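The stops below are given in the order in which to select them.

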Amino acid sequence: MDFLRPASWEEALAVKAEHPTAVPIAGGTDVMVEINFDHRRPEYLMDLTRIGDLYEWEVGDDTVRLGASVPYAQIMEHLRPELPGLALASHTVASPQIRNRGGVGGNLGTASPAGDAHPALLAAGAEVEVESVRGSRRIPIDGFYTGVKRNALAPDELIRAVHVKKADGPQQYSKVGTRNAMVIAVCAFGLALHPETRTVRTGIGSAAPTPIRAKAAEDFLNAALEEGGFWDNGKIVTPSVAKQFADLCAAACNPIDDVRGTASYRRHAVGVMARRTLTWTWESYRGAHRTTEGAA
Amino acid sequence: MPTNGVPTKITQGSGTKGGIGESTLRPDGTLKVTGEFAYSSDMWHEDMLWGQILRSTVAHAEIVSIDTAEALATPGVYAVMTYDDLPAEVKHYGLEIRDTPVLAHGKVRHHGEPVAIVAADHPETARRAAAKIRVEYRELPVITDEASATAPDAVLVHEHRDDHHAGHVPHPNIVHRQPIVRGDVAAARGRADVIVEGEYTFGMQDQAFLGPESGLAVPEEDGGVHLYIATQWLHSDLRQIAPVLGLPEDKVRMTLAGVGGAFGGREDLSMQIHACLLALRTGKPVKIVYNRFESFFGHVHRHPAKLYYEHGATADGKLTHVKARIVLDGGAYASASPAVVGNASSLGVGPYAVDDVDIEAIALYTNNPPCGAMRGFGAVQACFAYEAQMDKLAARLGMDPVELRQRNAMEQGTLLPTGQPVDSPAPVAELLRRVKAMPMPPERQWESSEGADVRQLPGGLSNTTHGEGVVRGVGYAVGIKNVGFSEGFDDYSTARVRMEVVGGEPVATVHTAMAEVGQGGVTVHAQIARTELGVTQVTIHPADTRVGSAGSTSASRQTYVTGGAIKHACELVREKVLELGRRKLGSYHPAWAHAELLLEGGKVVTDGGEVLADLVDVLGDEAVEVEEEWRHRPTEPFDLRTGQGNGHVQYSFAAHRAVVEVDTELGLVKVIELACAQDVGKALNPLSVVGQIQGGTTQGLGVAVMEEILVDPTTAKVRNPSFTDYLIPTILDTPTIPVDVLELADDHAPYGLRGIGEAPTLSSTPAVLAAIRAATGLELNRTPVRPEHLTGTA
């Protein structure tokens, strides 16, 4: 195995063009596990830790540009007001040691359905900035996940950053694991209210071959909120609406039985999390009038 | 020797007296928490090679062929060995029954069985070479449970049994069967006003020690080998290793390396023989370290069990009878299965007085992973079931569950179902009273002015509830564990104690073969020597086979038995020192001849407190040394038909109260508090006692709500051999554990002490289950409980 250490982003792109099989490594929290267990034996390992730009973030007027290697611990500490859903998701990632190393770029690169960041990115609405020597492009998050542990990257492309819309309303994130910390998701759910566009977005993790949105559930809820004038009158979402939303979220799942849980449980749990996160975000919206508070 | 990481002498001085009853700090504690402690996996030797084991990818198959040519041709590879390369007549080992081949021969009987071994100059080279060994299997049907094991046409897991249990078992796929029959259950059933029945399932728990199996074998000039190894019992290993190497025992030297936890999982051999074989074959030191994945295949687990119980009681809550059938899955090799059967059956009714009992316990041979010793050893599985039954009975009688237990609690003098009287304090009712009397943790602790503190809620930082669906439940349980090896085993330990003057100070050296696996034995040994010999400085010699056997670090026995041996040796040393004093100085003071003399503060003193001499002066240049074996009172085997017999020597009792909060919609559990009361006889080191109780309690919690090795019932393959999917409690899963320690002396034991390490593991699990049942109203007849069991989505 050759270990490549590009000193700059441009050099990294050149290396990736020359060796499309090179596996990029930053925090190493996914890649090193695979290598240590001999599940993967890449010909080239490309270390991105010398590229400082990947560890930086910028808060713009509408979006946050989050460098691919910004560790979860930094997101939790510095970006909670702008990215409350992602900050909550970051809290659930593994252990403090891993949160100091791992970042969203790795989660996207691995594209595991169980990656903790995905439901939050789907709910918030994100674009993945990828680049190769051929040029740069932005992939909307909805089209990023293409299969189990597969994504829309071309072989010569690298993930540079993620552009996430700044929260314009409450966001929530819940994850079910079978212990109270340091656990891989049995399933996860992200919800974001977007009062500016009067829409709700969702994200579901570990309950389908890829991270997904519950589109039918979103459509139903958007229509119900619009119809009842809820965005303006701030009324409580009726239990029947919340229940139907939850049922539609559960129905959006296409889970499997595995050692971590049954398909039937995953569907059930996604429904419960959908109902609860809707209640929390809507209460927050009603109570604080368009604050972006999402903290638990 | 150019070797790193091998054990050195630990000298413990404290400036304080540091005798028994004090919470002296453990000498390895700071090293361990700062990462400085040398574990067996840290050892290094100049020119050493790395060993790797190739394991079976299927659970049950004939081996058609093994082709090692490509592996042998790999640059950097020094040796590849299979069964055919074994050097001696003896090619099997085993704790009680030699049924385990050192390397598979003709067939493999479980997933992950060792088939071949490789030595290479780099661990990765060894790993890749092992992967190049081609093994052709012809798969056989898998035996996975009692039905498939005892079916008329069942394939025999072991075809030609000639072990000492083979004659009395009803089927060759049953390792051992022990009935315990006392009184007349049929007649007693007629007196019962209520009868409750239950069928329970106990999942396969792993010891999950953090230091993986590892050791270093160094060939020696005389053709022997020196093995530095993390184990629980050096001499038991030695007895199994030497014959397979074709060496006399005195040519196999063993030294205990740093052990990172054991919990029973190091009673059986793992890589010991493999490392020695490769070292002797190559003439070079060979180190083997399992990774976590391999560790799950490299040691036995706790027996999973099916338990069928019937309890009867009169309307006023007195037990009339207990009938039980306990089926333990021993997996492919016997390991400690027979003794686990003995415990499960003899302790199968729990710490209760009941005259009419009919119990049958068996262990199966199957193609599941081998199971053997783990903390609690058969008593754990039974406790889970009989305590669930006691709650069921209380509910049926409309009686408080603690009250029901207290009405039936055994006490000193009660006869066990084996007919053996309990001949030391058995404060079962008192422990329940104490644990119930502890203050309850406040309700809704998650509520704060800032909103819900999710760390206090089920789901923790995963943020699944802010209080929705959360219901509290409280449950109680109590258990009984035997201490020491039972059923007529000659359970002894050996201690060598030396006293001499070093650097102008009297120093005691304690040399035993006791495996310090984290339990704190080395701390307690020094305390005993200080108390008995009146010195401050005590040196603990590394444990090795240059001294006699200490027996196993298991069965809660080491403080009792090796502690007892040290106490005994110290007493003999003291006599010799006083004799020396009388000889040298006796003429200077009449008290030498007439008074009761003690050693205290480095001096010889009379029982009236008068100082006669300094130990430095008594000893001068002489060293006084004693090596002696010491044994607890003998026990007897259980009768094979009735189970009657004085099989046990001592008992350990603990009671728990569990307070849990369950998110009833998501099926997530937060254990809020696990209060424990335990009788320890005498706390030699109170801090260590509390640590043991808290650790045992937590291990019991683990198997209540998360810990289980999952085996595919159609292939018998292990599905979750990693810490990603075999979950053990984190600190956020570990509740507050208030501990109430009771000290009622057992007059038969040194200092009145009781073995303590296992009892808290018994009652913790059923207490948590009882609390979850109370919170949810569900029956919950299996452990661990997973979210799907609490939400009807299994």
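Two strands pair if DSSP finds at least two bridges between them. Helices (H or I, at least four residues) and strands (E, at least two) are DSSP runs, numbered from the N terminus. Residues are numbered from 1 along each chain as its sequence is written, and chains are lettered from A and ligands numbered from 1 in the order in which they are written. This is a predicted model, in which local features need pLDDT of at least 70, side-chain atom pairs count only at pLDDT 80 or more, and totals for chains, interfaces and linings use all residues.

**Confidence**

Colour by pLDDT, the predictor's confidence in each residue, from 0 to 100. Chain B has a mean pLDDT of 96, with 99% of its residues at 70 or more. For the model, ipTM is 0.95 and pTM is 0.97.

**Chain A: the five-stranded sheet**

Select E4, E5, E10, E6 and E7 of chain A. These 5 strands make an open sheet in the order E4-E5-E10-E6-E7, with antiparallel pairing. At the edges are strand E4 (57–59) and strand E7 (135–140) of chain A, each of which pairs on one side only. From one strand to the next, the twist averages 20°. (Axes are lines fitted to C-alpha atoms, for helices over the stretch in contact, and angles run from 0 to 180 degrees between N-to-C directions.)

Now show the bridges between strand E5 (residues 63–67) and strand E10 (residues 158–165) of chain A: there are 5, and the two strands run antiparallel. A:Arg65 has A:His163 as its bridge partner in E10(A).

**Chain A: two domains**

Colour chain A by domain: domain 1 covers 2–165 and domain 2 covers 171–288. The bounds come from an automatic or database domain assignment. Taken over C-alpha atoms, the centres of domain 1 and domain 2 of chain A are 25 Å apart. Their contact takes 23 residues from domain 1 of chain A and 23 residues from domain 2 of chain A; two residues are in contact if their C-beta atoms, placed from the backbone, lie within 7 Å.

On the side of domain 1 of chain A that touches domain 2 of chain A, select helix H4 (84–91), helix H7 (118–124) and strand E8 (145–147), each of which supplies at least two residues. H7(A) gives the largest share of that side, 7 residues. By class, that side of domain 1 of chain A has 14 nonpolar, 7 polar and 2 charged residues. Here Ala, Val, Leu, Ile, Met, Phe, Trp, Tyr, Cys and Pro count as nonpolar, Asp, Glu, Lys and Arg as charged, and the others, Gly among them, as polar.

**Between the chains**

Show both chains. 30 residues of chain A are in contact with 34 residues of chain B. On the side of chain B that touches chain A, the elements giving two or more residues are strand E34 (668–679) and helix H19 (787–790) of chain B. That side of chain B divides into 13 nonpolar, 12 polar and 9 charged residues.

**Chain B: a buried strand**

Select strand E10 (residues 114–120) of chain B. Because 7 of its 7 residues are buried, E10(B) is largely enclosed by the rest of the structure. A residue is buried if 20 or more other C-beta atoms lie within 10 Å of its own, exposed if 12 or fewer, and partly exposed in between, with C-beta atoms placed from the backbone.

Strand E4 (residues 49–55) of chain B runs antiparallel to E10(B) and is joined to it by 6 bridges; B:Trp50 has B:Ala120 as its bridge partner in E10(B). Strand E6 (residues 77–81) of chain B also pairs with E10(B) in the antiparallel sense, over 4 bridges. There, the bridge partner of B:Val80 in E10(B) is B:Val118.

**Chain B: backbone exceptions**

Most residues other than glycine have a negative phi, and most peptide bonds are trans.

- B:Asp47, not a glycine, has a positive phi of about 65°. Look for B:Asp47 in the loop between strand E3 (44–45) and E4 of chain B. B:Asp47 is exposed, with 9 other C-beta atoms within 10 Å.
- B:Phe263 has a positive phi near 60°. Its place is in the loop between strand E16 (252–256) and helix H7 (272–282) of chain B. B:Phe263 is buried, with 28 other C-beta atoms within 10 Å.
- The peptide bond from B:Thr783 to B:Pro784 is cis, with omega near 0°. B:Pro784 is in the loop between strand E36 (782–783) and H19 of chain B.
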